[in-house]
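Have a look at the sequence and the model below. Then we'll chat through a few of the details.

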Amino acid sequence: MPKIGLRINGVQVITEVRGRDRLIDLLRGMGFMSVKEGCSAGDCGSCNVLVNGELVNSCLMLAVQARGCEILTLEGIGTEEKPHRLQLAFVDFAASQCGYCIPGIIVTAKYLLDRNPNPTEEEIRRILTANICRCGGYTRIVEAVKKAAGAI
Amino acid sequence: MSDVNITYVFVADWPAYLRIVVAGRVQRDYFFFSKLITDRLTANGVRELPDFSIFTPESLDEVLDLLARGGMTLLAGGTDLIPMMKRGKASPVYVVDLSGVSSLRYIRREKGYFLIGGRATVKDLVECGLFDERYGAIKLLGRYFGVEPTRVMATVGGNLASGGERDLPQILEVLGARVKLVRKEGSRVAGPLGLQLAGDEIISEIVFPELGVRTYTWFSKFEKRAANGIGVVTAAVYLKLGEDGSVDDVRLTLNRVRGRTPGRLYKTEKALRDGRLDDDTLSHVMEVLDDEISPASDFRASASFRKHISKVLVVRSLMECARRIMA
């Protein structure tokens with residue numbers, strides 16, 4: 001089994017993985033349960049994480065492909081004690097219904113704000129095509145991202 | 001035995017269900033569970049990929065050595081291969097991960113040509129800053145090629161190698177690109193459409209010439225939802241206009257020319273060449289296009305609808321190119 005080193009939410013990790021272990025398998029196996037498996041095909045974005053700052057479907061990346069990389073999951077974005085401004089905005093707008101897709105959406109939104117601190121609604125909606133919310137709660141989600149970006 | 005009635009119901013893939021009814025009475029129910037599938041369920045309910053061995057080479061030479069052994073499956077961005085493994089459509093035994101082969105990830109401009117490494121990602125292509133507005137077809141990948149994570153992960157070589165109705169073969173064809181394939185003992189050059197890789201080959205580089213003056217390229221996709229859909233029709237266009245506004249040169253590709261096969265529209269191109277893009281010429285050109293293509297029907301769209309949309313996208317793309325060249 002290949003042995004890999006990577007940083008997850010700022011913590012150095014060295015672990016053995018099997019070839020077939022995807023990044024999502026590794027992360028969930030280590031207890032990062034914010035990473036959700038939805039479609040397993042790169043459509044729904046529920047498993048989105050940042051790998052070296054790039055938005056990635058962790059269900060389509062093998063764990064070995066993340067060797068030497070810096071991984072950021074929702075757990076690394078904010079905690080209950082110290083939530084990220086995106087998370088606060090999502091609470092303000094009650095932008096979560098069943099909540100399954102929200103970790104992936106917060107990761108996608110963080111990726112957007114990291115690159116583009118003042119996105120237009122069009123840009124927010126365009127990047128969020130990477131995520132599917134089956135409750136269909138998009139309006140509040142978009143409003144929450146706008147608020148976090150300081151637009152509201 | 002005349003009224004033996006066998007009911008066989010497929011619920012997704014597994015478990016399958018079989019009921020045997022004789023003379024109206026249920027004799028027996030069977031449920032079939034595939035051991036293969038249940039084996040893939042781990043404690044937390046996540047379906048695993050089928051088992052394979054992984055190699056993580058760091059140079060092209062190492063990749064070629066591995067490929068020469070035979071039986072290897074290349075993994076680049078994973079956006080095609082991993083869903084295929086999930087659906088049981090691919091079960092590789094040896095997987096060669098290309099993520100460590102950084103020497104294949106580049107985009108350069110050299111002596112009038114663009115050189116693109118096979119492992120360059122779609123996002124690299126869209127955001128490298130080397131392409132001006134004439135390369136509209138490449139820029140539009142940022143809108144039409146999957147979603148952001150797909151563009152981050154998917155590679156140019158992977159899209160070419162997976163064959164079929166893909167965006168990059170069509171766009172690279174109208175850009176006049178050639179694809180370099182290498183193996184341990186030698187190399188060859190092929191066009192981007194309908195690439196068939198041998199088991200020991202890898203796409204190392206894609207080369208196309210810089211566009212000249214009064215040229216433009218465009219790419220458009222008709223999909224059945226606003227984003228991240230499967231393209232019903234995709235069209236790529238390269239147009240060069242003369243000083244007088246007549247068509248100097250043109251290259252057109254569609255995702256379905258015959259059946260499900262993407263290709264060039266040579267007859268339509270011929271009908272366009274040296275003419276002007278006025279209403280009379282275009283209506284004649286559309287008749288030629290109508291004769292030239294015979295797209296296959298499927299559950300997404302009928303042949304006649306695909307044909308109609310093909311014409312719409314080709315005309316729109318041509319007009320878009322012409323408008324921008326004239327501007």
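Predicted model: local features only at pLDDT ≥ 70, side-chain atom pairs only at ≥ 80, totals over all residues.

Residues are numbered from 1 along each chain as written, chains are lettered from A and ligands numbered from 1 in written order, and side-chain values use heavy atoms, without hydrogens or water.

Q: How is α3(A) oriented relative to α4(A)?
A: Helices here are DSSP runs of H or I with at least four residues, and strands are E runs of at least two, numbered from the N terminus. Helix α3 (residues 85-92) of chain A packs against helix α4 (residues 102-115) of chain A at about 125°, with angles running from 0 to 180 degrees between N-to-C directions and axes fitted to C-alpha atoms, for helices over the stretch in contact. Under 35 degrees is roughly parallel, over 145 roughly antiparallel, 65 to 115 roughly perpendicular and the rest oblique. So α3(A) is, relative to α4(A), oblique.

Q: Which strands of chain B are the edge strands?
A: Strands pair if DSSP finds at least two bridges between them. An open, parallel sheet of 3 strands runs in the order β4-β6-β5 (chain B). Those pairing on one side only are β4 (53-55) and β5 (72-75) of chain B.

Q: What is the bridge partner of Thr73(B) in β6(B)?
A: β5(B) and β6 (residues 94-97) of chain B pair in the parallel sense over 4 bridges. In β6(B), the partner of Thr73(B) is Val95(B).
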